[in-house]
Amino acid sequence: MQHLDLQVVRQALQWSGAGQRVWLCSVLFTYGSAPRAPGSLLAVNDRGQWVGSLSGGCVEEDFLARVAEGEFAEPATVVRYGDGSDTRSNIRLPCGGVLDVLVENLPADCQVQAHLRELESALLGQRRLLRHVDLRNGQRRLDDDHSQGPRVVYDTDTVRLRVGAAQRLLLAGYSSVAHFCAEFGKGLGFEVILCDPRDEVLEGVVLDGIEVRRELPSVFIANGGCHGDTAVVALTHDPKIDDLAMLEAVRTEAFYIGVMGSRTTSDKRRERLQRIGGLDAGQLARIHAPIGLNLGSKTPAEIALAVLADILRTRSGIAREAL
């Protein structure tokens, strides 16, 4: 989860500010079963203290022992765990998976601390960054990221890592479909927030691990509830909730905006949003309506699956035609 990565960066910044060398580790790729997604972070200081996670514990133990023995002196190194192909690592993961890890040896200097502060701001949702690391010399560069795609891309010489806030799924209003979207989203690692001011609709609703806010989703969005890593989904069939949420969502940097309804309903909604809300063609084009992939979904759970699948497609930068 990316909130853990924020803890990692903040602790690394604190250690660096106190004059300690830091080894910053990033999961690059996973093959087979692996507990942490690409981009996940771990940091270790020169006293052997660590924060974050790469696996269930076996990789961390091996890495800490190797740091203590003086390994990873290079500015940047890629090490593979799990299949025995890397002679520096002879452990195999209990889950049978394989993972590649970028290890950066960061001295305690102002340049490193400035870099870590930029990463902190990205993880807080203030901006999205594309982080470049040159594997030949460890040089780092940050660019603004305005696109979607894989969180990590790397080749022989360079690693590119997308850095942003924890992926957020904002559900505009409660319904049976929204309920399944909340559960699926939580399972996929999203920070899930449900906004609905209707007490009668929320009565008896139980959603463990989901933040439920009894307010109009449009108000939450207008007050800064969306950042560039947010997917906004309206699934109520209530124009007072769905339409208002769309009007506010298109004014944000949300990477996915969608609303449920048939093609006829969606066409009527676009006409309303244009006529009453003043949305232009570009803003209307950002709204996925009808929402979700065409999977032949009928039940609430099937519709929710189609919605989350489309969100993941968009987040990964994959065009519908490529499916």
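These questions and answers walk through a predicted model, from the whole chain down to single residues. Residues are numbered from 1 along each chain as its sequence is written, and side-chain values use heavy atoms, with hydrogens and water left out. Because the model is predicted, local features need pLDDT of at least 70 and side-chain atom pairs count only at pLDDT 80 or more, while totals for chains, interfaces and linings use all residues.

Q: How many helices and strands does the chain have?
A: Helices (H or I, at least four residues) and strands (E, at least two) are DSSP runs, numbered from the N terminus. By that count, the chain has 15 strands and 10 helices.

Q: What is the radius of gyration of the chain?
A: The radius is taken over C-alpha atoms, and the globule rule is 2.2 Å times the number of residues to the power 0.38. For 323 residues the rule gives 20 Å. The chain comes close to that, so it is as compact as a globular protein of that length, with a radius of gyration of 22 Å.

Q: What percentage of the residues count as buried?
A: Buried means under 20% relative accessible area, exposed over 50%, and partly exposed in between (1.4 Å probe, protein chains only). Of the chain's 323 residues, the buried share is 50%.

Q: Among contacts between residues at least 6 apart in sequence, what percentage join residues at least 24 apart?
A: A contact means heavy atoms within 4.5 Å. Among the contacts of this chain between residues at least 6 apart, the share joining residues at least 24 apart is 61%.

Q: How many salt bridges does a search of the whole structure find?
A: Side chains of opposite charge can pair when their charged atoms come close. A salt bridge is a side-chain nitrogen of Lys or Arg within 4 Å of a carboxyl oxygen of Asp or Glu. One network links Arg-128, Asp-145, Arg-162 and Asp-229. Over the whole structure, the search finds 28.

Q: Which helices hold Arg-269 and Asp-242?
A: Their side chains meet in a salt bridge (3.8 Å, N to O). The pair ties together parts that are 27 residues apart in sequence, because Asp-242 lies in helix H7 (residues 239–249) and Arg-269 in helix H8 (residues 263–275).

Q: Are Arg-269 and Asp-243 buried or exposed?
A: These side chains also form a salt bridge, at 2.9 Å, N to O. Arg-269 has a relative accessible area of 3%. Asp-243 has 9%. By these values, Arg-269 and Asp-243 are buried.

Q: Which residue meets Asp-267 in a salt bridge?
A: Asp-267 is partly exposed, at 47% relative accessible area. The distance is 3.2 Å, N to O, and the residue is Arg-270.

Q: Which peptide bond is cis, with omega near 0°?
A: Most residues other than glycine have a negative phi, and most peptide bonds are trans. Pro-290 sits in the loop between strand E15 (287–288) and helix H10 (300–315). The cis bond runs from Ala-289 to Pro-290.

Q: What is the phi of Phe-72?
A: Phe-72 lies in the loop between helix H2 (58–68) and strand E4 (76–81). At 5% relative accessibility, Phe-72 is buried. Its phi is positive, though Phe-72 is not glycine, and is near 60°.
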